[in-house]
Every structure is written in structure tokens, then in C-alpha cells.
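Reader: I would like to learn how to read helix packing and pockets. Could you take me through an example?

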Amino acid sequence: MFNKNEIEQQVAEFLLQIKAIKLQPNNPFTWASGWKSPIYCDNRVTLSYPAIRTYIRQKLSLMVQEEFGSVGCIAGVATAGIPQGALVAQELGLPFVYVRSKPKDHGTGNLIEGEVMPGKRVAVIEDLISTGKSSLQAIDALRDAGYEVAGLAAIFSYGFDVADENFKKAKCRFVTLSNYQALLKFAEEKQYIHPDSIALLNEWRVNPSEWGK
């Protein structure tokens, strides 16, 4: 059975435990976009921990089945969604493809790697959702290639309103194993962060592009 609250907390614990997520509200990170952020998330770290990698593979696979029903293919989004997607495809015994961020600049110029199967119902796998922009570019590419996109499943989401709006506009569902709100709840309960930092961390999620300026 898929116990959403239990999984949210367990994944949050794993990500903090192995430092795949770092929280530094008083010494913020700078993202490639220029945004200041009190959190840095690199879910690729989970691949180095077999027990955690297995848990995530199993729960993502279960989430795909529970949320999207029967699918005929799994697609990973380059680059960090590729290994997670391949693991899910293996778990479910399904074909796998991955979507590049841009077409290959040599050879066949592929945007989608693997055997393209128009008409297949595909579930897309990501590691992380911020604004959703790169994920939705991959979804557009899959749709253009003739796939029916059932939805997208990811390990973690920052919970930005803009992501919800972008996916809604694209008419694509997305679900995640854990999220920023669940992470803060766990981090506060287990004293990963000082209680005085909670307000600062909540402010960032509300207006991330202006936070810290």
C-alpha cells in the first residue's frame, strides 16, 4: 500500500541523512538561475547508497502504478532523471527511453534516446521539480514524438506555485515522493535546523526569486 505521509517523511530523512539535501538559511546557496536559496538538493547522491536507491526505486515504481495506472514505457529526463528512470523501468519490466535537454549535435541528432514507440502511454521520471520548465520541455518532446504522457513522478519538489501553474497549463499531472513542506517538518522535529530558521525557510518558498536580495 502507498502510504503518502510515511513515504514523504522517510524520503526526507534519507535525503538529509546522506546530505543529498543541505539546509543553510544563514549562508544561502546561489543557483544557476541567480536565485539565492537556503536549500541545495542533489538527488544523484542517493545512487551511491544501495538501500536508499532501492527504496526510492520501489516507491517511485509503486507511485507510477498507483497514480497513473497501466503504462507501456518509462522516460527519464536528462540528466539526473536518467538513472532513476532506468531503475524504475527495470523494476516494472518496461521499455526505457530518455529525453535530452537539446538534440544531439552530431550523428542522428536525436532528442529522445532509445527506441521511440509512438502511441505508447509513458510515465516520465525526474529527480527534482523546481519550476518544472525542463521537465515540461521533455514532456513536449515526448508528445511531439507521438507518446501519450500519463504523468510525471519525481523524488522531490520545492513546492513552488509556479510549478503547479506550469504543469496545469501543460495539462500534465505530477507527483513526488517528498516535498519541501514535509522536509521542513521532519528537519524541525529531528533538530536538523534551529527553530528560529523555520520562518526564513518558509519565506523562501513563497517568493524564491526575490528571497535574499
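This is a predicted model: local features need pLDDT of at least 70, side-chain atom pairs count only at pLDDT 80 or more; totals for chains, interfaces and linings use all residues.

Reader: Which residues in H1 meet which residues in H6?

Author: Residues are numbered from 1 along each chain as its sequence is written, and side-chain values use heavy atoms, leaving out hydrogens and water. On the H1 side, Glu8, Gln9, Ala12, Glu13 and Leu16 meet Ala182, Leu183, Lys185, Phe186, Ala187 and Glu189 in H6 (contact means heavy atoms within 4.5 Å). By class, the contact of H1 with H6 has six nonpolar, one polar and four charged residues (Ala, Val, Leu, Ile, Met, Phe, Trp, Tyr, Cys and Pro count as nonpolar, Asp, Glu, Lys and Arg as charged, the others, Gly among them, as polar).

Reader: At what angle do the axes of H1 and H6 cross?

Author: Two packed helices are described by the angle between their axes and the distance between the axes. Axes are lines fitted to C-alpha atoms, for helices over the stretch in contact, with angles from 0 to 180 degrees between N-to-C directions. Here the axes of H1 (residues 4–17) and H6 (residues 180–189) cross at roughly 65° and come within 9 Å (helices are DSSP runs of H or I, at least four residues, and strands are runs of E, at least two, numbered from the N terminus). That makes H1 roughly perpendicular to H6 (65 to 115 degrees counts as roughly perpendicular).

Reader: How do H2 and H3 pack?

Author: H2 and H3 (residues 81–92) have axes 9 Å apart, at an angle of about 70°. H2 is therefore roughly perpendicular to H3.

Reader: Now pockets. How much space lies in the largest pocket?

Author: On a 1 Å grid over the protein atoms alone, a pocket is an open set of points where a 1.4 Å probe fits, with protein on both sides within 12 Å along at least five of seven lines; lining residues have an atom within 4 Å of a point. Grid points are joined across faces, edges and corners, and a volume is the space filled by probe spheres set on the points. The largest pocket holds about 630 Å³ of space. Its lining has 23 residues, with Cys41, Asp127, Leu128, Ser130 and Ser134 nearest its centre. S8 gives the most to this lining, with four residues.

Reader: What is the volume of the second largest pocket?

Author: About 240 Å³ is the volume of the second largest pocket. S10 gives the most to its lining, with four residues.

Technical notes. Angles under 35 degrees count as roughly parallel, over 145 as roughly antiparallel, 65 to 115 as roughly perpendicular and the rest as oblique.
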